[in-house]
Amino acid sequence: MADWKFDKILHGGDYNPDQWREYPDILKEDIRLMQLSKCDLFSVGIFAWSALEPKEGEFNFGWLDKVLDDLNAAGRKVLLATPSGARPAWMSYKYPEVLRTNADDSKNHHGGRHNHCMTSPIYREKVRIINTELAKRYGDHPAIVGWHISNEYSGECFCPLCVDEFRIYLKKKYGTIEELNRAYWSDFWSHRYNDFDEIEPPFTRGEGSIDGLRLDWKRYCTLQTVDFMKAECAPLKEFAPEKPITANFMEIFGGLDYWRFTDVIDVASWDSYPKFRGDDSDYEMMLNTCFMHDLSRSFLKKPFLLMESTPSLVNWSDVNRMKRPGVQKLSSLTAVAHGSDSVQYFQWRQSRGSFEKHHGAVVSHEGTENNRVFSEVAELGDILEKLKNVAGSMNKAEAAIIYDWDNRWALNFAQSYHKGDKQYVEVCVENYRALKRHGINVDIVESDSDLSAYKLVIAPMMYLMKPDTDKWIREFVQNGGIFVTTYASCITDENSLCILGGFPGRLRDVLGIWAEETDVLYPDQKNRIVFSDGTEYDCGFLCDIVHTEGAETLAVYGDDFYKGTPAITCNGFGKGKAYYVASRAENKMLEAFFGSLINQAGIYRPAGNTDVLPENVYVTEREKDGVKTIFVMNYSTGKKTVTLKNAEYTNALTGEKVSSSVCLEPWGISILQYE
């Protein structure tokens with residue numbers, strides 16, 4: 001893999017000079033404004049295919065030559081994009097095969113973006129040609145530091161080409177139609193197949209009742225996207241093998257399993273657009289964003305890139321609210337705190353027309369530096385320059401949460417519990433929240449990961465069990481780890497077939513319990529979790545009715561016909577312990593419970609606190625070469641005081657000495673360093 005190594009936190013964004021080719025004065029002014037704003041890294045050419053190849057086989061690189069040369073002369077760096085995210089009109093009309101087919105079997109017309117079939121040989125060939133031309137011409141250009149592949153991969157195609165490839169995928173996976181029928185339990189409703197040619201993907205008006213089929217379709221779509229990306233990268237690796245590759249992901253996106261991309265990318269990146277209200281509720285909203293920051297860092301276990309964010313507002317939300325003063329700085333530095341080595345914006349200059357003309361940008365339609373947004377971007381540029389020694393540092397975590405796309409899909413496909421979305425993401429974030437309230441670093445891992453690097457692992461709603469999942473968990477607990485799982489866990493195998501012999505399946509002996517039934521509560525219904533000391537908390541959503549088989553009961557239900565039965569259990573297994581939380585408990589219970597486990601495991605707390613942090617405060621730490629950088633952030637409208645452990649810190653931005661505590665202004669952040 002090519003290395004991504006810089007001696008500073010980079011600053012910049014999406015730059016679309018192809019939209020401004022007829023305005024040379026504006027392109028010249030962009031350079032001046034880039035220097036003023038301390039922006040030094042730009043993604044160029046993301047949707048520039050029609051400007052690069054206006055007619056089939058006729059290439060126009062002159063404008064891009066000048067842009068790259070001018071950026072290089074000004075000391076700016078470039079991630080050169082491949083333009084496959086949106087193709088030119090000439091291709092759609094000459095080669096309709098490249099247009100995507102929808103789940104209802106309708107064919108798309110030209111328009112929008114991500115409207116292409118990733119299986120199409122014609123589309124792959126056209127992408128190969130344009131990418132080869134870019135790689136040959138610019139592979140050694142001094143401004144280019146890496147490749148930005150396509151843009152926000154997404155979507156599914158149900159055309160005959162994709163259907164055929166799906167059948168090939170299934171035949172390779174299962175070998176025989178008998179093995180597929182076994183995995184799909186296809187005798188149900190007389191859905192047995194006699195040949196792979198009889199199988200169709202889950203069309204809207206077709207087969208939607210076989211969970212294994214729907215799960216395999218999602219897996220296939222991910223693998224076909226990864227294969228398409230590998231084909232995109234081939235000419236880039238041929239002509240510029242030393243340049244690292246990235247592809248920008250989206251926030252906890254449900255359509256693709258991002259874990260499968262980790263063998264292709266050299267550096268992870270993602271596009272972050274939290275919906276700020278400007279009040280204290282923003283703390284809870286930002287938990288999803290911080291979860292994705294930690295997931296992005298966890299993909300490759302190294303710093304990632306914040307590829308897109310807005311310095312002001314978006315144009316696609318139900319309410320497109322401006323970021324309040326200071327929020328852009330805080331949200332950007334939150335990404336840095338969690339491991340990002342860049343802060344980049346969509347976009348550098350506002351488009352004059354079309355869909356995103358009202359989306360926020362560093363440079364507005366007014367076109368000068370004389371406004372609040374530009375001033376805040378420039379202020380952040382100054383701050384990032386003072387954080388040079390943070391670049392390349394890592395967030396060392398001793399606790400992890402298991403988050404898995406296969407599990408998410410299988411759980412949502414299940415005709416069980418609540419209809420539709422089973423709130424798997426929300427439950428994962430609730431558990432993440434409880435850990436972060438104690439100010440510890442957290443990794444996000446997939447379910448078949450080696451867990452030996454951690455002291456505490458949480459697996460919320462681990463409904464689907466991959467073949468090696470129980471192996472890793474069993475070894476982790478036997479060797480002294482603390483493992484926690486919850487209701488709706490260990491129910492099916494990797495094909496979404498229910499595990500026989502009682503739940504929680506292959507972890508029944510590790511957890512020392514049997515979950516006999518699951519009570520599903522309406523949204524307005526609650527039960528209680530009651531501890532032996534009389535402390536109690538609300539719970540609801542799902543309530544597993546549990547029998548202990550060697551486990552110790554730590555808390556019981558307070559209501560209903562299963563009052564007094566176990567609600568939280570602990571089982572010693574080898575040198576470690578395995579806990580089962582049988583119902584969805586309120587945040588305060590998770591905070592207290594996880595706090596006791598953090599202390600039991602001896603997990604390092606950067607702030608030195610022994611209990612939860614003040615409300616609405618985040619603490620995260622990065623480390624490199626023995627220097628630790630602690631970020632203390634206030635996501636509230638009021639001042640907050642955070643007491644630190646007994647050590648002397650240096651304010652990374654002012655050089656002042658700090659000890660004992662920091663006072664944070666509303667939306668404030670303190671960045672401290674120590675050895």
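Where is Ala551 found? This residue sits in the loop between β16 (536-548) and β17 (552-557), where strands (E, at least two residues) and helices (H or I, at least four) are DSSP runs numbered from the N terminus. The model is predicted, so local features need pLDDT of at least 70 and side-chain atom pairs count only at pLDDT 80 or more, while totals for chains, interfaces and linings use all residues. Residues are numbered from 1 along each chain as its sequence is written, and side-chain values use heavy atoms, with hydrogens and water left out.

Ala551 counts as buried because its relative accessibility is 10%; buried means under 20% relative accessible area, exposed over 50%, and partly exposed in between (1.4 Å probe, protein chains only). Leaving aside neighbours within four places in sequence, Ala551 is in contact with Leu511, Gly512, Ile513, Thr569, Cys570 and Asn571, contact being heavy atoms within 4.5 Å.

Glu207 touches His191, Tyr193, Pro202 and Leu213, not counting residues up to four places away in sequence. Its side chain makes a polar contact with the side chain of His191 (3.0 Å), and another of 2.5 Å joins the side chains of Glu207 and Ser209. A polar contact is a pair of N or O atoms within 3.5 Å; within protein, one must be able to donate a hydrogen and the other to accept it, and residues adjacent in sequence count only if both atoms are side-chain atoms.

Turning to the helices, α3 (residues 62-73) has 12 residues. The buried residues of α3 are Trp63, Leu64, Val67, Leu68 and Leu71. They cover an arc of only 125° around the axis, which puts them on the same side of α3; the arc is that of the directions from the helix axis to the C-beta atoms. The face turned away from this buried side carries the exposed residues Lys66 and Ala73. Just after α3, Gly75 takes a positive phi of about 80°.

Helix α12 (residues 405-413) is mostly covered, with eight of its nine residues buried. Among them are Trp405, Trp409, Leu411 and Phe413. The buried residues of α12 pack against α8 (211-239), α9 (282-300) and α13 (424-436). At the start of α12, a side-chain oxygen of Asp404 comes to within 3.0 Å of the backbone nitrogen of Asp406.

Notes
Expected span 1.5 Å × (residues − 1).
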